[in-house]
Amino acid sequence: CHYNVLEIKNGATESEVKKAYRKMALKYHPDKNSDPGAVELFRRVSQAYVVLNDSTTRRKYDSETRRNRRF
């Protein structure tokens, strides 16, 4: 779940999404973090930000997530 990756709630504002992304990007950026899993975590954080930062893709993602929870 993209919200879990960025450690934010589903109803987070755009500024909260951006703030969480910046925090996580600094933490897991491969130039700053030499842990073997940092590259993968940074990729997931970036992907979550791309989806949640754009209102259209965020609505689509939320809709899909709600639909999948029903089943």
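Reply: Happy to; below we take some helices and salt bridges in turn. Please keep in mind that this is a predicted model.

Me: How do you know that the length of α2 agrees with a helix?

Reply: Helix α2 covers residues 14–28, which makes 15 residues. At 1.5 Å a residue they should span 21 Å, and the end C-alpha atoms are 21 Å apart, so the two values agree.

Me: Which residues of α2 are buried, and what makes them line one face?

Reply: The buried ones are Val17, Ala20, Tyr21, Met24, Ala25 and Tyr28. Looking down the axis of α2, these buried residues fall within an arc of 130°, so they line one face of the helix. The other side of α2 has Ser15, Lys19, Arg22, Lys23 and Leu26, which are exposed. Among the elements covering the buried residues of α2 are α1 (2–6), α3 (38–53) and α4 (55–70).

Me: Why is the pair Glu40 and Arg43 called a salt bridge?

Reply: The cut-off is a side-chain nitrogen of Lys or Arg within 4 Å of a carboxyl oxygen of Asp or Glu. The closest N and O atoms of Glu40 and Arg43 are 2.5 Å apart, so the pair qualifies as a salt bridge. The two residues sit three apart in helix α3, and therefore about one helical turn separates them. In general, residues three or four places apart in an α-helix point the same way, because there are 3.6 residues a turn.

Me: Why is Glu40 called partly exposed?

Reply: Partly exposed lies between under 20% (buried) and over 50% (exposed). Glu40 has a relative accessible area of 39%, so it falls in that range. Arg43, at 43%, counts as partly exposed too.

Me: How many salt bridges does a search of the whole structure find?

Reply: Two. Besides Glu40 with Arg43, Arg67 and Glu64 meet through their side chains at 3.4 Å, N to O. That value is within 4 Å, so this pair also counts as a salt bridge. Arg67 and Glu64 are three residues apart in helix α4, about one helical turn. Arg67 is partly exposed at 38%, and Glu64 is partly exposed at 36%.

Me: What puts the buried residues of α4 on the same side?

Reply: The buried residues of α4 are Arg58, Tyr61, Asp62 and Thr65. They cover an arc of only 100° around the axis, so they lie on the same side of α4. Turned away from that buried side is the face with the exposed residues Arg59, Lys60 and Arg70. The cover over the buried residues of α4 includes α1, α2 and α3.

How values were computed: Residues numbered from 1 in each chain as written. Predicted model: local features only at pLDDT ≥ 70, side-chain atom pairs only at ≥ 80, totals over all residues. Heavy atoms only, no water. Helix = DSSP H or I, 4+ residues; strand = E, 2+ residues; numbered from the N terminus. Expected span 1.5 Å × (residues − 1). Buried < 20%, exposed > 50% of the residue type's maximum accessible area, 1.4 Å probe, protein only. Arc of directions from axis to C-beta. Contact = heavy atoms within 4.5 Å.
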